[in-house]
Amino acid sequence: MFRYSYNNKRYHTLDYFYKTTFNEKICKLCFNIGCSCPNVDGTKGFGGCIYCKNGSGDFAGDKNVSLKEQYNSQRKIMERKWPNASFIAYFQAGSNTYGDLEYLKKCYLEVLSFEKIKGLYIATRCDCLSADCLEFLKLLNKKTNLVIELGLQTIHDSTSKLINRGHTQEEFIEAFKMLKANDIKVVVHIINGLPYENKEMMIETAKFLNDLKVDGIKIHMLAILKDTKMAKLYEKEKFPLLTKEEYIDIVISQLEYLDPNIVIHRVTTDPNINDLIAPKWLVKKTVLLNDIDKEMKRRNTYQGIKNI
Ligand code: SF4
């Protein structure tokens with residue numbers, strides 16, 4: 001079946017998913033609850049993933065500001081543009097199921113009590129889901145629209161090692177299956193353009209996630225950021241970076257293999273312009289999104305065309 005009318009896009013956008021699921025405009029509000037990361041604090045590794053600006057443990061957002069204040073300030077900004085919007089609470093900074101479970105429970109429940117919060121979106125690592133944590137997530141899943149975001153970045157072990165992910169593919173698969181066995185929705189974060197990966201490797205990552213039947217995918221382009229180990233590696237080895245045209249070609253090829261039901265949360269990256277070393281074309285996000293749409297139209301292709 002030809003399916004590409006996701007708000008005039010040829011792929012299943014998050015905006016379309018929210019509109020058809022909630023019947024209203026949904027915006028994400030980001031909360032920093034001060035979680036660290038086991039790949040930063042030495043539990044699994046030190047220094048974090050080599051592309052991560054936060055490998056120092058200094059995550060974006062102010063964890064010292066109360067959750068209510070974080071909510072109020074972001075809600076105000078969102079309502080300037082979308083006065084009637086409701087919200088999904090996005091726990092983004094660090095690994096948000098890592099730390100004292102009682103504290104985490106308190107944070108999740110407090111945010112859930114705020115007006116117009118329709119669900120929780122919790123970003124974490126596959127090695128931060130203890131049995132007790134899972135039990136609580138199961139309860140949360142009954143109470144609200146819960147999504148767990150797991151970082152994978154690549155299915156290729158050699159790259160995973162190079163970028164110091166600090167977990168195995170087996171750990172990822174085990175965590176994924178455990179969440180799905182409990183009907184918890186899982187979105188997976190991947191990065192295109194990692195050092196020495198070719199187009200086929202990136203398509204393999206997308207195909208792998210399609211076969212796993214993930215609920216959603218976030219596709220990012222590698223951004224080389226200042227003061228990261230990736231920046232040092234790039235300076236030393238000058239590994240080739242994808243051009244914008246190559247990136248568009250790869251993203252479209254990945255979308256073609258993804259089941260139309262998989263929600264595409266992102267097809268690009270939003271780097272802080274002051275931190276960005278390369279590629280500079282990432283700065284023009286709207287242009288990139290439009291170019292992906294144009295190229296999909298030119299090829300007369302759409303998400304899942306190779307999946308039927
Ligand atoms: S797992 Fe996430 S937070 Fe931790 S170092 Fe890697 S990218 Fe940064």
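Predicted model: local features only at pLDDT ≥ 70, side-chain atom pairs only at ≥ 80, totals over all residues.
Local features are given for pLDDT of at least 70 and side-chain atom pairs only for pLDDT 80 or more, while totals for chains, interfaces and linings use all residues. Residues are numbered from 1 along each chain as its sequence is written, and side-chain values use heavy atoms, with hydrogens and water left out.

Asparagine 96 lies in the loop between strand S2 (86–91) and helix H3 (101–112). Helices (H or I, at least four residues) and strands (E, at least two) are DSSP runs numbered from the N terminus. Asparagine 96 has 0% relative accessibility and therefore counts as buried; buried means under 20% relative accessible area, exposed over 50%, and partly exposed in between, with a 1.4 Å probe and protein chains only. Not counting residues up to four places away in sequence, asparagine 96 touches Ile33, Cys35, Phe91, Leu104, Tyr108, Ile122, Ala123 and Thr124, where contact means heavy atoms within 4.5 Å. The side chain of asparagine 96 also reaches the backbone oxygen of alanine 93 at 3.4 Å.

One of those partners, threonine 124, belongs to strand S3 (residues 117–124). Threonine 124 is buried because its relative accessibility is 7%. Its side chain is joined to that of threonine 97 by a polar contact of 2.6 Å. A polar contact is a pair of N or O atoms within 3.5 Å; within protein, one must be able to donate a hydrogen and the other to accept it, and residues adjacent in sequence count only if both atoms are side-chain atoms. Beyond four places in sequence, the residues touched by threonine 124 include Ser95, Asn96, Leu129, Ile148 and Gly151.

Glutamate 171 is in helix H6 (residues 169–181). With a relative accessible area of 27%, glutamate 171 is partly exposed. Its side chain reaches the backbone nitrogen of threonine 168 at 2.8 Å. Leaving aside neighbours within four places in sequence, glutamate 171 contacts Lys44, Cys126 and Asp127. Cysteine 107 is 64 residues from glutamate 171 along the chain, and their C-alpha atoms are separated by 26 Å.

Some loop residues have backbone features to note. Lysine 213, in the loop between helix H7 (199–212) and strand S6 (216–221), has a phi near 65°, a positive value in a residue other than glycine. Lysine 213 counts as exposed, at 63% relative accessibility. Lysine 238, in the loop between helix H8 (229–237) and H9, has a positive phi of about 45° although it is not a glycine. Lysine 238 is exposed too, at 55% relative accessibility.
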